[in-house]
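Hi,

Here is the structure I said I would pass on. Have a look at it first, and my notes on what turned up are below.

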Amino acid sequence: MPHCPNCNQKWNLKKTLKAHGEHNLGTACPNCKEVQYVSRKTKQLQGFITMGYMIITFLAWREFELAAVPFFTVAILTIVLGIFILISATELSEEVESGW
């Protein structure tokens, strides 16, 4: 979970998910009320996770010719793993940073 760069308060899961949903608008820290933004590094990681998800699901569908149930199982597990990695690696910034 990320920490506020201003007051070093650890954010909870709900606040972290809200920050990802509003990464360009900013999210107020629950402790110091300063607006924090998702960092450039985290935005880039989010892009790489999305590309990895698309590659893995394409390979599962095209190369391995999985049936419907195993295919959707791979797709769902990949999404859950990507969200877990993204949330655990989230960093915050005090200013808006471009994605790339």
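**The sheet**

Thr27 stands opposite Gln36 in S2. Before going further, please keep in mind that this is a predicted model. In total, two bridges connect S1 and S2, and the strands run antiparallel.

S1 and S2 make a hairpin with six residues between them, and in the turn Lys33 has a positive phi of about 65 degrees. That loop runs between strand S1 (27-28) and strand S2 (35-38). Lys33 is exposed, because its relative accessible area is 58% and the cut-off for exposed is over 50%.

On to the next strand: S2 and S3 are also joined by two bridges and run antiparallel. One of the residues involved is Tyr37, whose bridge partner in S3 is Ser93. Put together, this gives an open sheet of three strands in the order S1-S2-S3, with antiparallel pairing. S1 and strand S3 (92-93) are the edges; each has a single partner strand, so one side of each has no neighbour in the sheet.

**Another positive phi**

If you go through the backbone angles, stop at Asn8 as well. Asn8 is a residue other than glycine with a positive phi, near 65 degrees. Asn8 sits in the segment before helix H1 (13-21). Its relative accessible area is 55%, so Asn8 is exposed, the cut-off being over 50%.

**The largest pocket**

This may be the part you want to open in your own tools. The largest pocket holds about 180 Å³ of space. The elements that each give two or more residues to its lining are H1, helix H2 (40-62) and helix H3 (68-88). H3 gives the most, with six residues.

For your selection, the lining consists of Leu17, His20, Gln46, Ile49, Thr50, Tyr53, Thr78, Ile79, Gly82, Ile83, Leu86 and Ile87. Sorted by class, seven of the lining residues are nonpolar, five are polar and none is charged.

**Side-chain contacts**

How many salt bridges does a search of the whole structure find? One. The partners are Lys41 and Glu91, with their closest N and O atoms 3.4 Å apart. This pair links distant parts of the chain, since Lys41 is in helix H2 and Glu91 is in the loop between H3 and S3, 50 residues apart. Is Lys41 buried or exposed? Lys41 counts as exposed, at 55% relative accessibility. Glu91 has a relative accessible area of 35%, so Glu91 is partly exposed.

The search of the whole structure also turns up one aromatic pair. Phe71 and Phe72 form that pair, with 5.3 Å centre to centre and 70 degrees between the planes, which makes it edge-to-face. Phe71 is buried, because its relative accessible area is 19% and buried means under 20%.

That is what I have for now.

Best wishes

Methods. Residues numbered from 1 in each chain as written. Predicted model: local features only at pLDDT ≥ 70, side-chain atom pairs only at ≥ 80, totals over all residues. Heavy atoms only, no water. Helix = DSSP H or I, 4+ residues; strand = E, 2+ residues; numbered from the N terminus. Buried < 20%, exposed > 50% of the residue type's maximum accessible area, 1.4 Å probe, protein only. 1 Å grid on protein atoms, 1.4 Å probe; cavity = no way out; pocket = protein on both sides within 12 Å on 5 of 7 lines; lining within 4 Å. Points joined across faces, edges and corners; volume = space filled by probe spheres on them. Nonpolar A, V, L, I, M, F, W, Y, C, P; charged D, E, K, R; others polar. Pairing = 2+ DSSP bridges. Salt bridge = Lys/Arg side-chain N within 4 Å of Asp/Glu carboxyl O. Phe/Tyr/Trp six-rings, centres within 6.5 Å; stacked < 30°, edge-to-face > 60°.
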